[in-house]
Amino acid sequence: MFKLKILGIASFYNNASSSLLVDGKVIAAAEEERFNRIKQGKKYNFPISLTDLPFNSISYCLEEGGISIDDVDIVAYGFDPAKKISACLNDKETLQDDGQAFFVNLFNYAIPSLEQPRISYYLKKRLNGKKEPAIEFIDHHVSHAASSYLLSGFAESLVFVNDGSGEEDCISTFIANDNEMIKLFSVPRKHFQESIR
Ligand SMILES: [Fe+2]
């Protein structure tokens, strides 16, 4: 009988980690820091390169599930690089107010985002796969909201995400039920940046 196997990966910012779900059940989940002993799994809290993928954690999850990377049906990556690139390039307000911040954003976030579609290639290469796994880029705040709601046990819930940064937003609110998750409102990312200046 077919069983849907999803490998979840988070690594764009900090807390590099992964998880394995089989038919919606969490089989394994682990933070990379438990293996490499680097706090939050990465030396830097912003994306530098794809070698920062949490390969130790991924290998652990696959091992726990008794499968290889070729058995994975979908890799769900909790960040949408295309959305991030477009948010950085279209951030005219930051460009006008603070040119330096605009270019820091561009180099720290938009340029590494361009490499994200190559994640499948790196997974195949490092995990000795025969093919590149299918990958789905999930909106960062939808990922946060789904991970809380789906494990909450509630049939319906209001979900509040208060984050450092998603692709475009720092705060999002959703209404969630068994069938769907609808975004009610969000606060643009620049308000988080303003609050820490
Ligand atoms: Fe986040």
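You are looking at a predicted model, where local features need pLDDT of at least 70, side-chain atom pairs count only at pLDDT 80 or more, and totals for chains, interfaces and linings use all residues. Residues are numbered from 1 along each chain as its sequence is written. Helices (H or I, at least four residues) and strands (E, at least two) are DSSP runs, numbered from the N terminus.

Now step back into H2, residues 55–65, and pick out Ser57, Ile58, Cys61 and Leu62, which are buried (20 or more other C-beta atoms within 10 Å of a residue's own, with C-beta atoms placed from the backbone). They lie on the same side of H2 because they cover an arc of only 135° around the axis, taken from the directions from the helix axis to the C-beta atoms.

Next, show the open sheet of 3 strands, ordered S6-S7-S8 with antiparallel pairing (strands pair if DSSP finds at least two bridges between them). S6 (156–162) and S8 (181–188) stand at the edges with a single partner strand each, so one side of each has no neighbour in the sheet. Between S7 (residues 169–177) and S8 there are 7 bridges; for one of these strands' pairs, select threonine 173 and its bridge partner in S8, phenylalanine 185.

Notes. A residue is buried if 20 or more other C-beta atoms lie within 10 Å of its own, exposed if 12 or fewer, and partly exposed in between; C-beta atoms are placed from the backbone.
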